[in-house]
Amino acid sequence: MAAPAKNSKTAALYIHIPFCTKRCDYCDFYTVANQEHIIPSYLAALETEIGHYAATPPWQIQHFSTIYFGGGTPSLLTPPQVQHIIKTLKRVFTFTDDTEVTFEVNPGSATQENMHGYVDAGVNRLSIGAQSFLPKELQQLDRVHSVDETIATVESVRGAGIGNLSIDLIFALPGQRPSNWRYSLERALELQPEHISAYNLTIEQGTPLQRSVAAGKVYPMSEGRQRLFYNHTIGFLEQHGYSHYEVSNYAKPGFESRHNSKYWDGSFYLGLGASAHSFDGRRRYWNVRSFAQYIKQLKHAQLPVAGEEMLTKPQREFETIMLGLRQKSGIDVRDFEREYEIDFQSKYRNQLTKLTSHVPPLIRWHESRLVLTREGWLLCDAVCAEFV
Amino acid sequence: MNPATIRNFCIIAHIDHGKSTLADRFLEITATVRAGEMHDQVLDDMDLERERGITIKAHAITMKYAAVDKTLYTLNLIDTPGHVDFSYEVSRSLAACEGAILVVDAAQGVEAQTISTLYQAIEGDLTIIPVINKVDLPSAQIDVVKQQIIDLIGCDEEEILLASAKSGKGVQEILEAVISRVPAPVGDENAPLRALVFDSVYDPYRGAIAYIRVVHGEIHTGMDIKFFTTGKVFEITEVGTLRLKKEPTQSLSIGEVGYCIAGIKDVLDTKVGDTIMDASNPASAPLPGYREVLPMVFAGVFPTVSEDYEDLRTALDKLRLNDAALVFEPETSVALGFGFRVGFLGLLHMEIVQERLEREYGLDLLTTLPNVEYKVHMTDGRIVDVDNPADLPSRGGYNFIEEPYITSQIIVPKEFIGNVMKLAMDRRGIYKNTSYIDPTRADITYEFPLTEIIFDFFDKLKSMTKGYASFDYDFIGFKRGDLVKLDILINGDPVDALSHIVHKDKAYDWGRKICSKMKEIIPRQMFEVAIQAAIGSKIISRETVRAMRKDVTSKCYGGDITRKRKLLEKQKEGKRRMKQLGKVEIPQDAFLAILKVD
């Protein structure tokens, strides 16, 4: 086995809570509805898994600087449950003092009291899945919460003293008018979040939404219109002081999601819980999707790993490009050349020529960094594909 | 051997009418094949032939039969290829025989291919023994088929034998009829050697082996022979008869069928239909009927990955060793790179070669739309043969173009005559004549430009006649046609591999269909792609593949990265197989899809 990769960056830790009160029509994450009674066994299994990695290289020597509770609906956990997990983690792993602890909540799923409890447990960043501020659109997305619940949740987050709040929004809904999207953006800004994730609705294979599209009941938005929405989003949020620092993410200065940035800058990450992915610089592996399987395997002292891949050097190189280009900061070519011991400009001469001579250009140089242009953002995947 | 005890014959039958089964029964009755050696249909020994139920190459076998008259006869069964692409080979096989068994399926009746081969046999003065096969079938219409046969060959009803090759019923009677009705071979024992080459095969250890029928004189080991058409001389190292395996003998004399080996390196030196003579005492004239085999259909054959070019050349060289009808020369296409322009006898021949290249040599190939050969009458009086549309001179350079024509025979139940006529009209058919084989079935003669039938004519004909039509054709010559070259342009650049010569009246329709098909197949790129069809500088059709306007994955977090990377890697793999035309990437499918334009 290859020696663990050197990494001067701190690591990220992800905890997956797969439970939801209901599945949403567009969601392709691993979640299960109406299974909350399983939570205690799930958390017991999680603790076993934590125990395993606490003694396993390279994790036992990492300095972690983020914890992220994602789902699913982490807010289905009680504050004591959250507190127990965080305590356990802090006991067995090394964390930096300023560790970012993010917790995802669905509007209406957490009381004011619970919110205080999460903060007391150590949560210092909240991500709220608002999605839209129009009741009709929430209905269209099959969300169970109301606009009022979103606002109430934000208030309780602020009330609990959280100074780092992110709001998730979705745009390019079938039939959505630009004015409606603008309305949601404006309402979100009124709540003065430090961070906004604005996702272009993706019709994922196997979701109920995709079946409706296939059946001709729903017409997806045209690409031309999606461009318009996306460009508008970038312009509007930048204008209001949010930096467009990744394809779908916007933040006030200093409030970029540290956890998510670690996925894009090559940091190690340890994912715990059903379907969670981990990466140690060479190897990426992922847990079984089924929480029942997850619990069962850990009960029998087996790792719940479902699959893994060892990244080859060209694959790591390509991932660095693919993930680098997704960010405003782009690819730092000097770092890149140092890490992969290649001459970037000569290796990718054809691609660079093609993409810079495209009308309009898709990439540009910003000092020693290669970054996407405005048009490049719209064609990010096609641009990345050139570098495979 | 006494020629009076030799009978040389063949079997004429439509596909599936029972030729191979009947041959198998002969082999059993004559104990040529012992029990245990028998596997069904011994004569068709190529996998492809068995799959397609047709015989591609002729073979022959010698059987010893003790007849009812207590004489031991030598029966030479010479097989004939069962497809129109190989009609010349059929004619040479027939020329090696004195008799032919006409096998007609009791349920199906007479079919076009049977008739055309039968006419060749009658023209060659062969004695015809009519047999109705599969008489045990519940759907057998013996009386109807009898009448068809009587009308066709003018025989008496009593001459028609009834058989079931499957059960063996009536098979011995057929062999007896071969002996009593087919004349023994006649030749001049003392005249200089003349032997007909009716087939040849290539053996990697022994070279080209000629299958021959001795007409006059004698051929023996050690003798120097000369091929009439090439004038080349070889020393015979072995002659023999074709039993289940080759059995060497000292010599072969008049009427005998067998093989000869003479260290011949190339099948091109053992041309089917050629005459073998005694080099030291050559006859004054060859046997009649030799014809140079000419390819009728041409297509570009390209490896999908350019590194396979040398492998393709090697494979074609090897195939040609056994297939003198295969011709090829290197071709370079801007779109497809290095490949070969290959000439075939017909579409079936083309399919067979393609399949053998892919199956036996593991090649991944791209074959362009097949075309015929044109005679281009230049303004300076020269006549230029053009077998590649990309080579057609510009319009100002020639006066007119001639294209090959065929005469065809289509046999259909009469209720489908209307459909056939419709199809024929669509394919520029020239109506000649209709006759009736029996009250329900018509025999229609049309002339067609060959280019109209090489493509999907037979499939169309079959589907328009619920599978009942049978079809056969013969080349008749070149006729002037109002033809134009249709180019396909991608972002303004002509794609040589997609150029095609078409009749002026069809150009617009063809161009429109190709453009819309290409639009379906060319994936969207980061810029707009224009697909145009043009005649000279005149654009007659256009489609546009819109530029990709948005292509970005919204979410790419820890659990999405592997999936995303794999997706892009897969895309890249697909792209690697695309052909680059200027900036535009075109899937290989685009070049195949044009074959499927409806």
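Predicted model: local features only at pLDDT ≥ 70, side-chain atom pairs only at ≥ 80, totals over all residues.
**Close-up views of chain B**

View 1. Glu331(B) has Gly339(B) in E19(B) as its bridge partner. E18(B) and strand E19 (residues 337-344) of chain B run antiparallel and are paired over 7 bridges.

**View 2. The open sheet of chain B, built from 4 strands.** The strand order is E18-E19-E17-E20, with antiparallel pairing. Strand E18 (327-333) and strand E20 (365-367) of chain B lie at the edges with a single partner strand each, so one side of each has no neighbour in the sheet. From one strand to the next, the twist averages 30°. Helix H7(B) packs on this sheet and touches strand E17 (297-303), E18 and E19 of chain B. The direction of H7(B) makes about 20° with that of E19(B).

**View 3. Crossing of helices H7 and H8 of chain B.** The axes of H7 (residues 309-322) and H8 (residues 347-361) come within 11 Å and cross at roughly 115°; the crossing is right-handed. On the H7(B) side, Asp311(B), Ala315(B) and Leu319(B) are in contact with Val353(B), Arg356(B), Leu357(B) and Tyr361(B) of H8(B). This contact comprises 5 nonpolar and 2 charged residues, and no polar ones.

**View 4. Contact between domain 1 and domain 4 of chain B.** In the domain assignment, domain 1 covers 3-181 and domain 4 covers 375-481. Their centres, taken over C-alpha atoms, are separated by 31 Å. Domain 1 contributes 13 residues to the contact and domain 4 contributes 10 residues. Helix H4 (112-123) and helix H5 (142-153) of chain B each supply at least two residues of the domain 1 side. That side divides into 5 nonpolar, 6 polar and 2 charged residues.

Key
Residues numbered from 1 in each chain as written. Chains lettered and ligands numbered in written order. Axes fitted to C-alpha atoms, helices over the stretch in contact; angles between N-to-C directions. Left-handed = near helix turned anticlockwise from the far one by under 90°. Contact = placed C-beta atoms within 7 Å. Nonpolar A, V, L, I, M, F, W, Y, C, P; charged D, E, K, R; others polar. Domains from an automatic or database assignment. Pairing = 2+ DSSP bridges.
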